[in-house]
Amino acid sequence: MKISEYFPIWDQLTAEQQKWLKQSAVYRELPKGTVIHSGELDCLGMILVEHGRLRAYMISDEGREITIYRLLERDICLFSASCMLKNIQFEITVETETDAAVRIIPPAGFKRLMEESAPMANYVNQLMAGRFSEVVWLMEQIMWKSFDSRLAAFLLEECMLEETEVLKITHEKIADHLGTAREVVTRMLRYFQGEGMVRLSRGTVEILDEKKLGQLAK
């Protein structure tokens, strides 16, 4: 995938700026489960997803995880380059959920590019606003939506991403995504099974009644 495809304002950059972006982006192929960025590491830079799926999540002081958002093909991760964004401090971890390929743009040079190019600065601000909207949406879900509804929505989202109704996922992993305890997930999944919405087996959740889950997820 061309670097220009990630930036709708590409034609508004100078030839020199375009050349720098093309030459500076480092290509990396990453196996599933690779931690690309962690709050404990130095500022990595801007991540451009070429293919595969990445997960951005936060870890509480008690070690509990919660997924903030997923990154798919053509998505851009900015929080991994928060050091180049003024007054932004966001401790997240970014990990590959599948085998993936990414391009990483170093933060120092990109920061200069934003200072030189108003279109790029505006585009980055739009991306950041979108990501913060996702974080606020997540907080609203946690605060105001019941867990059974959140779990139903998560299972349907997984079906869409994996393109299958048989999900190879553990209760522990679901708990990590939703920011809760494994026991809570297990109890609710057993309830879903009793209601005929899913079938459970070791490391697998099979969706049986997508319509009923969809009604619950609303």
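How many residues of strand 5 (residues 65-71) are buried?

## Strand 5 and the basis of the model

Seven of the seven residues of strand 5 are buried, so strand 5 is largely enclosed by the rest of the structure. Buried here means under 20% relative accessible area, while exposed means over 50% and partly exposed lies in between, with a 1.4 Å probe and protein chains only. Helices (H or I, at least four residues) and strands (E, at least two) are DSSP runs, numbered from the N terminus.

The model is predicted, so that local features need pLDDT of at least 70 and side-chain atom pairs count only at pLDDT 80 or more, whereas totals for chains, interfaces and linings use all residues. Residues are numbered from 1 along each chain as its sequence is written, and side-chain values use heavy atoms, with hydrogens and water left out.

Angles run from 0 to 180 degrees between N-to-C directions, and axes are lines fitted to C-alpha atoms, for helices over the stretch in contact.

Strand 4 (residues 54-59) pairs with strand 5 in the antiparallel sense over six bridges, and Ala56 stands opposite Tyr69 in strand 5. The hairpin of strand 4 and strand 5 has five residues between the strands, and in this hairpin Gly63 takes a positive phi near 90 degrees. Strand 4 is also joined by four bridges to strand 7 (residues 93-96), the two running antiparallel, with Thr96 in strand 7 as the bridge partner of Leu54.

## Helix 5 and helix 6

Two packed helices are described by the angle between their axes and the distance between the axes. The axes of helix 5 (residues 171-178) and helix 6 (residues 182-194) come within 8 Å and cross at roughly 110 degrees, which makes helix 5 roughly perpendicular to helix 6. Angles of 65 to 115 degrees count as roughly perpendicular, under 35 as roughly parallel, over 145 as roughly antiparallel, and the rest as oblique.

Where contact means heavy atoms within 4.5 Å, His171, Glu172, Ile174 and Ala175 in helix 5 meet Arg182, Val185, Thr186 and Leu189 in helix 6. By class, the contact of helix 5 with helix 6 has four nonpolar, two polar and two charged residues; Ala, Val, Leu, Ile, Met, Phe, Trp, Tyr, Cys and Pro count as nonpolar, Asp, Glu, Lys and Arg as charged, and the others, Gly among them, as polar. Thr180 lies in the loop between helix 5 and helix 6 and counts as buried at 16% relative accessibility. Leaving aside residues up to four places away in sequence, Thr180 touches Arg64, Phe147, Ala175 and Val185.

## Helix 2 and helix 3

The axes of helix 2 (residues 107-116) and helix 3 (residues 118-144) come within 5 Å and cross at roughly 110 degrees, and the two helices are therefore roughly perpendicular to each other. Phe110, Leu113, Met114 and Glu116 of helix 2 make the contact with Ala118, Met120, Ala121 and Val124 of helix 3. By class, the contact of helix 2 with helix 3 has seven nonpolar, no polar and one charged residues.

Four bridges join strand 10 to strand 11 (residues 204-207), which run antiparallel, and Thr204 in strand 11 is the bridge partner of Ser201.

## Loop residues with positive phi

Most residues other than glycine have a negative phi, and most peptide bonds are trans. Arg74 has a positive phi of about 80 degrees although it is not a glycine; Arg74 is placed in the loop between strand 5 and strand 6 (76-77) and is partly exposed, with a relative accessible area of 46%. Glu163, also not a glycine, has a positive phi of about 55 degrees, and is found in the loop between helix 4 (147-162) and strand 9, where Glu163 counts as exposed at 72% relative accessibility.

Note on methods: Pairing = 2+ DSSP bridges.
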